[in-house]
Amino acid sequence: MSNLTLALHYGAFAILATTANLGTQSAILAFDDQALVYYLALAAGTGVGLVVKYLLDKRWIFADHSRGVAAHAQKFSLYTLMGVVTTLILWGTETLFWFTWHTHDARVAGALLGLGIGYFVKYQLDRRFVFNTKAAGAAPYAVAAAPPA
């Protein structure tokens, strides 16, 4: 597969995970929008989005066929850790744009730039540390995206 195909699939999966996240938040906030419920919605949405993206990436981006609770627990833990790193990129970029220009449009632009950079970095981290294709066998997309060294 080409790098363009990989990028399109990865982007589509990011959109699906984001939709699942925001949809979960909206469903919870439809019942109540008090502060405690808001934080519950954020946590639930983040969890749903994370699981959706993990399952899509595992199967379709990295063609990882490992099975079992231990394998999933290890990979999902690493996947989540890589997500923390890239979330800091998103939040940092969004916050920088907000504090620099003090407008909603600037904050959104910073968020979009941060998401783009964050997802690029996340793919690189996941490929190297979570779904290491050298150890698990070559994945169709991972090989196309990263020629052998």
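Modeller: Let us begin with a term: a residue is called buried when its relative accessible area is under 20%, exposed when it is over 50%, and partly exposed in between, with a 1.4 Å probe and protein chains only. This is a predicted model, in which local features need pLDDT of at least 70 and side-chain atom pairs count only at pLDDT 80 or more, while totals for chains, interfaces and linings use all residues. Residues are numbered from 1 along each chain as its sequence is written, and side-chain values use heavy atoms, with hydrogens and water left out.

Colleague: Is Lys 53 buried or exposed, and what is its relative accessible area?

Modeller: Lys 53 is placed in helix α2, where the buried residues also include Val 37, Gly 45 and Asp 57. Not counting residues up to four places away in sequence, Lys 53 touches Tyr 10, Phe 13, Ala 14, Ala 17, Tyr 79 and Tyr 119, a contact being heavy atoms within 4.5 Å. Lys 53 counts as buried because its relative accessible area is 4%.

Colleague: Which residues does Val 48 contact, leaving aside its neighbours within four places in sequence?

Modeller: Val 48 also lies in helix α2, but it counts as partly exposed because its relative accessible area is 32%. Although Val 48 and Ala 17 are 31 residues apart in sequence, their C-alpha atoms are 7.8 Å apart in space. With those neighbours left aside, the residues in contact with Val 48 are Ala 20 and Thr 24.

Colleague: What is the relative accessible area of Asp 126?

Modeller: Asp 126 is in helix α4, and, not counting residues up to four places away in sequence, it touches Tyr 10, Asp 57, Phe 62, Tyr 79, Met 82 and Phe 131. Asp 126 is therefore classed as buried, its relative accessible area being 0%.

Colleague: How far apart are the closest N and O atoms of Lys 122 and Asp 126?

Modeller: Side chains of opposite charge can pair when their charged atoms come close, and a salt bridge is a side-chain nitrogen of Lys or Arg within 4 Å of a carboxyl oxygen of Asp or Glu. Lys 122 and Asp 126 both lie in helix α4, 4 residues apart, or about one turn of the helix, and both are buried. They form a salt bridge in which the closest N and O atoms are separated by 2.8 Å.

Colleague: Which residues do salt bridges that share partners join into one network?

Modeller: Asp 64 meets Lys 58 in a salt bridge of 2.8 Å, N to O, and forms another with Lys 75, where the closest N and O atoms are 2.5 Å apart. Asp 64 lies in the loop between α2 and α3 while Lys 75 is in helix α3, so this pair ties together parts that are 11 residues apart in sequence. Asp 64 and Lys 58 are both buried, and Lys 75 is buried as well. The residues joined into one network by these shared partners are Lys 58, Asp 64 and Lys 75.

Colleague: What is the value of phi near which His 102 lies?

Modeller: His 102 lies in the loop between α3 and α4 and counts as exposed because its relative accessibility is 53%. Its phi is positive in a residue other than glycine, with a value near 55°.

Definitions and conventions. Helices (H or I, at least four residues) and strands (E, at least two) are DSSP runs, numbered from the N terminus.
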